[in-house]
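This report describes how the parts of a structure meet. Keep the structure in view while reading.

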Amino acid sequence: MATRTLRGQAAVAGIGETTCYKHGQSPDAEFKLALMAILNAAKDAGIDPKDIDGFASYSNDRNDPSRIAAALGTKELRFSNMQWGGGGGGGAAAVGNAAAAVATGMADCVVVFRSLAQGQFARFGQGPQVPTISGDMAMQAPYGLMSPAQRYAMKCMRFMHDHDVRHDALRAISLASYHHAQSNPRAVMYGRPLDEAAYDASRWIVEPWRLYDCCMENDGAAALIVVPAERAKDMPHKPSYLLGAAAGSDHRCGAPSHNHPNYASANFASVAPNLYRMAGVKPSEVDVLQSYENFTGGVLMSIVEHGFCQPEEANDFLVKDNLLAPGGKLPLNTSGGNLAECYMHGLELQIEAIRQIRGTATSQVKDVDVSMVIAGPMVTPVSNCIFGSEATL
Amino acid sequence: MTRYLPEGLAIPVPESDGLSQPYWDGVAAERLMVQRCQNCQTWVWGPEWICHSCHSFDLAWTEVAPKARIYSWERVWHPVHPALKGHGPYIIVLVELPGADNIRMIGNLLGDPKQDVPIGGSVEAVFEHHKSANPPHTLVQWRLA
């Protein structure tokens, strides 16, 4: 039996985004944003949007594929996929699901999309305002544990305690994102640089995280067109082949009341090896990394769990110069990421990974062949993926 | 007793299927009740219908000593609920219970909200009753022992 793998079977042929707005400030409805991003991605790929026959998203995106297909007048709908749970942790999984569909003949042209207009709907960073609460949240919300930052800070606190990681490591991750955003006119934080002193002076959100350790919340939409690898060769842009994708979490990660056995982690203990195995890639071969910053502590643990450094090396490895394009050891979040470009629930990180392969990033790393994305650390399921240039096939 | 956090946060109630009802009944009587598998003796927390080790459905609510160790913690500064606006920082702890194979529970650490929090430090439960709330309920808080 042939090896079961996605390696080299599908490629991203088109990328599209809308303008990114501060949360609640989009002039357009969330559904319209989704349509605009999809049209932009189709145009980039040089395809007729009516030829899109599949949709993949995550985090319970509210924009139903059947409605989108009807609105766009697509010829037929063959794949309608939602990655369960995990918030931004589903971003790479959605790409993997789309690739699986085109690789197996379930569909020929799948768009991965995510759209958010938080003025129209509730914000992520607020607690639920309900009179009563039950289930696992009944063991948390009455103690003031409600928001994503509050849900994950204790994982990072324990990790930093176990491995003597200093706050400087978190700061370096934040500074790298802000540094790259200064070269990116699309970035919400373009023209708003951040230095050590401003970071250190920023208020605590929840210890161990300050304001600049936490992602923005934005309105906007993003989309990627995934097609079979053979077809991508004849399309306008240099193809970005999917070398591997993985999703999930390790043993009992979702155990209630923070009872995940491997608690002090970003939840990639099993998912990272699965990715590297499929992609046939080693950490040392990754040219550039987009690592989802819900909070910098998630990036810290993601980088360790993906083998870029040992936990005990984190203080030395996570310094700003190591994380900058073009010449750092591990250029990180080269568009500005969730902290400083746009919080499009991490799908903008997938798009940046494609730009790095194409050579069109605003903070371009030289000769990128292997471009990696880590989605939504600390949630479950998490996911990740690796794109490669034709040279990697 | 006084309450650690202001009034107005969501009040915990058992699910419609009643899974956690014995826990809430227990803490109202100042008894910390968790589940234990009657087939393989695995401790189970939070409440669940099945033993994750042997798949027995025979889980018995079992009293455990209200003593724990701090496994991790966080100090919240930014309020994300109207009831917490202007309240100031507060401490959430994740504690592990040595008497029940180190299952973990979430609560607040009583005392100065700006105190140093020792990971590994011993704590004991304090039952925080809200008898006049609707519905009445009891939270389990922790203080350094």
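Which residue in strand 1 of chain B stands opposite Thr132(A)? The residue opposite Thr132(A) is Ile11(B). The model discussed here is predicted.

## Where the chains meet

The pair just named belongs to a link between the two chains. Strand 6 of chain A pairs with strand 1 of chain B, which covers residues 11-12. The two strands run in the parallel sense, and the pairing has two bridges.

The contact between the chains involves 38 residues of chain A and 34 residues of chain B. On the chain A side, at least two residues each come from strand 6 (132-133), helix 4 (148-163) and strand 7 (204-207). Helix 4 of chain A gives the largest share of that side, with six residues. Sorted by type, the chain A residues that touch chain B are 18 nonpolar, 15 polar and five charged.

## A residue at the contact

Tyr143(A) sits in the loop between strand 6 and helix 4 of chain A. Is Tyr143(A) buried or exposed? A residue is buried if 20 or more other C-beta atoms lie within 10 Å of its own. Tyr143(A) has 25 C-beta neighbours inside 10 Å, so Tyr143(A) counts as buried.

Setting aside neighbours within four places in sequence, Tyr143(A) is in contact with Ile92(B), Ile106(B), Gly107(B), Asn108(B) and Leu139(B). Within its own chain, Tyr143(A) can be compared with Ser302(A), which is 159 residues apart from it along the chain. The C-alpha atoms of Tyr143(A) and Ser302(A) are separated by 28 Å.

## Two helices of chain A

Helix 5 (residues 167-181) and helix 9 (residues 296-305) of chain A pack with their axes 9 Å apart. The angle between these helices is about 100°. Angles of 65 to 115 degrees count as roughly perpendicular, and helix 5 and helix 9 of chain A are therefore roughly perpendicular to each other.

From helix 5 of chain A, the residues that take part are Ala169(A), Leu170(A), Ile173(A) and Ser174(A). They meet Thr296(A), Gly297(A), Val299(A) and Leu300(A) in helix 9 of chain A. This contact is made of five nonpolar residues, three polar residues and no charged residues.

## The domains of chain B

Chain B is assigned domain 1 (18-64) and domain 2 (66-145). The centres of these domains of chain B, taken over C-alpha atoms, are 21 Å apart. Nine residues of domain 1 of chain B are in contact with 11 residues of domain 2 of chain B. On the domain 1 side, helix 1 of chain B (residues 21-28) gives the most, with three residues. That side has eight nonpolar residues, no polar residues and one charged residue.

## Strands of chain B

Three strands of chain B form an open sheet in the order 3-2-4, with antiparallel pairing. Strand 3 (43-44) and strand 4 (59-63) of chain B are at the edges and have a single partner strand each, so one side of each has no neighbour in the sheet. Strand 2 (residues 33-37) and strand 3 of chain B are joined by two bridges. Arg36(B) has Trp43(B), in strand 3 of chain B, as its bridge partner.

Strand 8 (residues 122-130) and strand 9 of chain B run antiparallel and are joined by eight bridges. They form a hairpin with six residues between them. Phe127(B) stands opposite Val140(B), which is in strand 9 of chain B. Strand 9 of chain B (residues 137-144) is mostly covered, with six of its eight residues buried.

Technical notes: Residues are numbered from 1 along each chain as its sequence is written. Chains are lettered from A and ligands numbered from 1 in the order in which they are written. This is a predicted model: local features need pLDDT of at least 70, side-chain atom pairs count only at pLDDT 80 or more; totals for chains, interfaces and linings use all residues. Two residues are in contact if their C-beta atoms, placed from the backbone, lie within 7 Å. Helices (H or I, at least four residues) and strands (E, at least two) are DSSP runs, numbered from the N terminus. Ala, Val, Leu, Ile, Met, Phe, Trp, Tyr, Cys and Pro count as nonpolar, Asp, Glu, Lys and Arg as charged, and the others, Gly among them, as polar. Two strands pair if DSSP finds at least two bridges between them. Domain bounds come from an automatic or database domain assignment. A residue is buried if 20 or more other C-beta atoms lie within 10 Å of its own, exposed if 12 or fewer, and partly exposed in between; C-beta atoms are placed from the backbone. Axes are lines fitted to C-alpha atoms, for helices over the stretch in contact, and angles run from 0 to 180 degrees between N-to-C directions. Angles under 35 degrees count as roughly parallel, over 145 as roughly antiparallel, 65 to 115 as roughly perpendicular and the rest as oblique.
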